[in-house]
Protein chains: 2
Amino acid sequence: MADSIVNKKSVCIITGATKGLGKAITSNLAKELPKGSLFILLARSQDLLDRISSQVKENDGIESVSMPFDQSCADGETNKKMLQDALAKAGVAVSQYEQAILINNAGTLDHLDYSRNLDRLDVSTEYFKTNLSGCITLTATFLQVFRAPDVKTRVVVNISSLAAISPMKSWLLYCMAKAAREMMMKIVAAEEENTRTLNYAPGPLVTEMTTTASDKTQDPELRKWFTEQIEKKSLVECDDSAQKLIAILRKNTFENALHIDYYDEI
Amino acid sequence: MADSIVNKKSVCIITGATKGLGKAITSNLAKELPKGSLFILLARSQDLLDRISSQVKENDGIESVSMPFDQSCADGETNKKMLQDALAKAGVAVSQYEQAILINNAGTLDHLDYSRNLDRLDVSTEYFKTNLSGCITLTATFLQVFRAPDVKTRVVVNISSLAAISPMKSWLLYCMAKAAREMMMKIVAAEEENTRTLNYAPGPLVTEMTTTASDKTQDPELRKWFTEQIEKKSLVECDDSAQKLIAILRKNTFENALHIDYYDEI
């Protein structure tokens, strides 16, 4: 299918690329994108980045560079330099790619307390800085750097959650940030030409974040639910969820900014 | 109707109480609540607060105190002291009231630029600090200070917008914050007993904010829409929108955390 997102020679930027779902998306997508594609992998740990970047390059004709990236300090100027340095490191120009993909995967799950206890201004401010502001600035820089006529199409994927549309007790900050990020995909889709956006809820995954959820969620029912999923081994494997995302991108019939869950038919 | 929110002796806290919709809600609700009710009016300007507070006290049996409040600096400890000082100033105890109402009206409309240009981390962070974090911490303090058995029921109203559910070009931060604040009302309703929450979208109002929208919105279509509404005088008067909100509270049949627009049938 000529129209498929995964058939185009792409530059693909992934945040939080070293662990969990980010790592799974990276390694699965590296097997899928055509030769000549470039991965720009972003995460905090250079050590872990080096490992996943080497793994990506094992795919014939796929290039990969990695850059240390902390979303809580992601100002536009820093982002721009980082992306330009990444392109220079790979020895390529933006115009070599048909398509640019940004996968906003990085995010934190923290302060899993009831709303009535979330009375510290610094705590909420820092949370939104990392999970909203840093994601906004990186997306802005992405849209500035990869644009027509150099790049024909762009794809922005927000790794969302059921929590974006369904309130979860003692998860106020996480739910608010996910709801806000879904709105962001709607607005980017409305504002930008030739840009596809998607809100993908990856299901309850086998990740560190799920362990945090089962350890630290204040609401006893929700905490129990996570603990039981871990015990019953009924969580979704990151590779399976990454494959589902790739299937959605391959089919490429989703409405822009739609919320699609791992469990949804596509 | 015994069940009506506006028939209960209440302590009612309103942010941004000196201007526009906040002022209109204050003055209209002061005519509606039963004798013995207390208004705690919050805003940045003590001068404007004094004026509206005097006006509230003209209603027979209605008390009013005002406290300077800047939502961008609203930490839990400061909020708690402020509410306790307000109660002391009025010479009352929490247990004197059947019901406590919080109207989260304060908010800003700023940086009305396309997503691709919003690449400054400090700008987004400051915006969410004022419009999300400060609203979260005040709501948390409200839930701590006004609780059972002292106060039987609580009502939290979020002044929302069509922008919470409908993406608007070049209004990224505003839309994201409004979407996140609607989620907040859902979570508070799920977490708290005897608490009613509402997301009220007041319609396009005759306010300073609408002038800002027509002056500063980058998207030409959206800017034109606001300019035309101003020229045609087809905007909603703040008093009319405040009356609609009061009608919703009077009827008190809304589902918790529902998004209700000025133009909706109730």
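I looked up Ser53(B) and recorded it as buried, because its relative accessibility is 6% (buried is under 20% relative accessible area, exposed over 50%, partly exposed in between, with a 1.4 Å probe and protein chains only). The model is predicted, so I note that local features need pLDDT of at least 70 and side-chain atom pairs count only at pLDDT 80 or more, while totals for chains, interfaces and linings use all residues. Residues are numbered from 1 along each chain as its sequence is written, chains are lettered from A and ligands numbered from 1 in the order in which they are written, and side-chain values use heavy atoms, with hydrogens and water left out.

I placed Ser53(B) in helix H2 (residues 46-57) of chain B; helices (H or I, at least four residues) and strands (E, at least two) are DSSP runs numbered from the N terminus. Leaving aside residues up to four places away in sequence, I found Ser53(B) touching Leu41(B), Ser64(B), Val65(B) and Ser66(B) (contact means heavy atoms within 4.5 Å).

I then turned to helix H1 (residues 20-30) of chain B, where nine of the 11 residues are buried. Among them are Leu21(B), Ile25(B) and Leu29(B). The cover over the buried residues of H1(B) includes strand E1 (10-15), strand E2 (38-43), H2 and helix H8 (238-251) of chain B.

How do H1(B) and H2(B) pack? I noted an angle of about 20° with the axes 9 Å apart; axes are lines fitted to C-alpha atoms, for helices over the stretch in contact, and angles run from 0 to 180 degrees between N-to-C directions. H1(B) is therefore roughly parallel to H2(B) (under 35 degrees is roughly parallel, over 145 roughly antiparallel, 65 to 115 roughly perpendicular and the rest oblique). Lys23(B), Thr26(B), Ser27(B) and Ala30(B) of H1(B) meet Ile52(B), Gln55(B) and Val56(B) of H2(B).

**Interface of A and B**

How many residues does each chain bring to the contact? I recorded 52 from chain A and 52 from chain B. The buried area between the two chains is about 3,800 Å², with 70% from carbon and sulfur atoms (buried area is the accessible area, 1.4 Å probe, that two parts lose on being put together, summed over both). On the chain A side, Arg116(A), Leu121(A) and Glu191(A) lose the most area to chain B, together 18% of what that side buries.

**Backbone exceptions**

I kept in mind that most residues other than glycine have a negative phi, and most peptide bonds are trans. The bond joining Ala148(A) and Pro149(A) is cis, with omega about 5°, and Pro149(A) sits in the loop between H4 and strand E5 (153-159) of chain A. In chain B, the bond from Ala148(B) to Pro149(B) is cis with omega near 0°.

His111(B), which is not a glycine, has a positive phi of about 55°. I found His111(B) in the loop between E4 and H4 of chain B, partly exposed at 29% relative accessibility. Ser170(B) has phi near 70°, a positive value, and lies in the loop between E5 and helix H5 (172-191) of chain B. Is Ser170(B) buried or exposed? I recorded Ser170(B) as buried, with a relative accessible area of 0%.
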